[in-house]
Amino acid sequence: MNLRRSEFHAFTGSGSSRFLYLVPSAAVVQLDDLSHAVLETLAAGDRSATDLVETLSDRWKADEVRTSVDELLGLRAIHTVAAPPPKPKAEKPKRSIPLQTLVLNVTSKCNLSCGYCYEYGEDKIVEAKTKPRFMNEATAKQSVDFLFSEAGDSPSVNLTFFGGETLMNFKMLQSALAYARERGAALGKEVNASLTTNATLLREEIIDWIVANDVGVTVSIDGAREQQDKFRVFANGMGSYDIILPNIKSLLARHRRRPVGARVTLTGQNLDVASIYTHLFEEIGFWEVGFAPVTTSWQREYAIEDEGFQKLLSGFQSLAADFLDAALAGRRHGFSNVRDTLEEIHKGMSKAYPCGAGLGLMGVATDGDVALCHRFAGSDDHKLGSVFDGVDHARQDEFLQKHHIANKTDCASCWARPLCAGGCYHEAHTRYGSTVEPNLHYCNWIRAWTNTCLEIYGTLAERKPEYLAQFD
Ligand code: SF4
Ligand code: SF4
């Protein structure tokens with residue numbers, strides 16, 4: 001009975017220790033020398049257990065080799081040629097997934113004119129003219145009711161406010177959150193509130209409300225003055241850095257109960273990850289800094305192209321090395337991209353879908369239409385229902401069936417698919433005109449970055465396992 005290697009990705013931790021990332025189960029296992037030798041031998045072609053015993057007999061006894069083979073079979077790192085692992089099927093979730101996060105696009109208006117903004121982008125040109133620019137109180141309250149009714153038995157829900165510039169509709173935010181908390185108390189559910197802002201309108205009265213209501217805040221900011229003012233400008237071209245800095249400092253000084261994060265949009269012209277991080281984390285004092293490449297078609301002059309992705313990767317890798325040093329030394333580091341991926345690896349996340357969009361997360365447009373997520377809110381093509389009439393579950397099922405990772409043939413042989421699952425639908429829509437397409441333009445980048453995170457994971461598992469215990 002011949003044996004064959006199953007699907008895995010091999011990587012190293014610190015020193016010479018070897019690990020496997022087992023793709024079907026998304027588990028990480030450490031290899032001893034013998035298991036490594038068995039896998040190396042099988043790399044040259046299928047072999048029987050008897051052949052393996054003979055080939056490895058100069059270093060290991062027969063019963064040791066057989067035990068190792070049994071262990072590798074148990075882990076599904078290898079399989080018998082006669083019984084290959086079953087191919088994953090595109091099945092919709094066995095039970096309906098409750099809605100956990102509702103993102104309310106409270107306005108499509110913004111007081112900045114960032115050069116790369118996707119709001120009311122090409123997928124929404126027609127709708128932009130017909131939708132209200134601000135969500136009204138009745139729609140917001142209906143959205144809250146919708147969230148509770150779709151949340152099923154979940155003990156808590158996440159209500160997130162997004163824009164445009166979210167704080168341009170501050171009055172409505174106040175009443176929507178007050179209503180959500182009141183309904184939550186009546187229903188015995190906790191309401192976790194958060195918002196994203198460009199920080200231009202963060203005046204004291206708003207900070208008071210944020211602090212009093214325990215609202216999580218993410219600030220969209222691209223770095224120091226020169227980096228921020230390259231794209232994040234007012235309509236007259238004036239940069240926003242000098243306006244937002246005092247507001248952010250005041251927020252950070254006063255909002256101590258919840259971590260305030262910075263969210264950076266990287267463009268072809270702004271890729272110096274290290275200096276952005278240093279400014280935002282060390283100099284300004286954000287709790288964490290997350291980076292996302294700009295979502296755009298490749299024709300735009302600010303799109304990140306091949307050379308840019310290389311630069312981005314080396315910037316991420318060197319910041320990830322700093323993260324590892326800090327974790328080993330027991331210091332906090334705020335590079336959230338690596339921390340989030342470590343958590344996914346630790347939890348054995350194996351994604352059928354790249355994110356929760358259309359599943360546990362949905363976005364609401366200003367008129368109450370419900371879409372896949374905040375980035376699609378307002379696009380009629382990606383509508384799943386409305387907060388007034390509920391979700392069109394047949395449409396949702398069709399979406400989930402079509403977008404299941406098992407239907408992405410390009411991803412079928414990719415070892416990074418448990419964590420990537422084809423990437424962001426909005427990015428795919430912007431780049432290829434369809435949410436169904438996997439984001440093949442950044443596969444090399446994703447695989448290299450995932451490998452870096454796995455190496456960090458392996459090193460921590462060996463040298464500082466207590467760091468990973470926080471993700472249990
Ligand atoms: S998009 Fe690329 S990196 Fe992601 S799972 Fe598919 S093939 Fe792999
Ligand atoms: S589709 Fe993209 S933008 Fe929307 S939730 Fe998923 S990853 Fe985020």
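Q: How do the residues of the shell around ligand 2 divide into nonpolar, polar and charged classes?
A: The model is predicted: local features need pLDDT of at least 70, side-chain atom pairs count only at pLDDT 80 or more, and totals for chains, interfaces and linings use all residues. Residues are numbered from 1 along each chain as its sequence is written, while chains are lettered from A and ligands numbered from 1 in the order in which they are written. Ala, Val, Leu, Ile, Met, Phe, Trp, Tyr, Cys and Pro count as nonpolar, Asp, Glu, Lys and Arg as charged, and the others, Gly among them, as polar. On this basis the shell around ligand 2 holds seven nonpolar, one polar and one charged.

Q: Which residues surround ligand 2?
A: A residue is near a molecule or strand if its C-beta atom, placed from the backbone, lies within 6 Å of it. By this criterion the residues around ligand 2 are P354, C355, A357, L361, C373, R375, C424, Y425 and H426.

Q: Which helix gives the most to the shell around ligand 1?
A: Ligand 1 is surrounded by 14 residues, and the closest are C411, C414, C420, P438 and C443. Their classes are eight nonpolar, three polar and three charged. Helices (H or I, at least four residues) and strands (E, at least two) are DSSP runs, numbered from the N terminus, and both α14 (417-420) and α16 (443-463) supply at least two residues of this shell. With three residues, the most is given by α16.

Q: Which residue of β6 stands opposite R4?
A: Two strands pair if DSSP finds at least two bridges between them. β1 (residues 2-5) pairs with β5 (residues 47-48) in the antiparallel sense over two bridges, and there L3 has R47 as its bridge partner. β1 is also joined by three bridges to β6 (residues 78-80), again antiparallel. In that pairing, R4 faces H79.

Q: How far apart are the C-alpha centres of domain 1 and domain 2?
A: The bounds, which come from an automatic or database domain assignment, are 2-86 for domain 1 and 101-371 for domain 2. Four residues from domain 1 and four residues from domain 2 take part in the contact; on the domain 1 side they are three nonpolar, one polar and no charged. The separation of the C-alpha centres is 44 Å.

Q: Is A371 buried or exposed?
A: A371 is found in strand β14 (residues 369-371). A residue is buried if 20 or more other C-beta atoms lie within 10 Å of its own, exposed if 12 or fewer, and partly exposed in between, with C-beta atoms placed from the backbone. Because 26 other C-beta atoms lie within 10 Å, A371 is buried.

Notes. Two residues are in contact if their C-beta atoms, placed from the backbone, lie within 7 Å.
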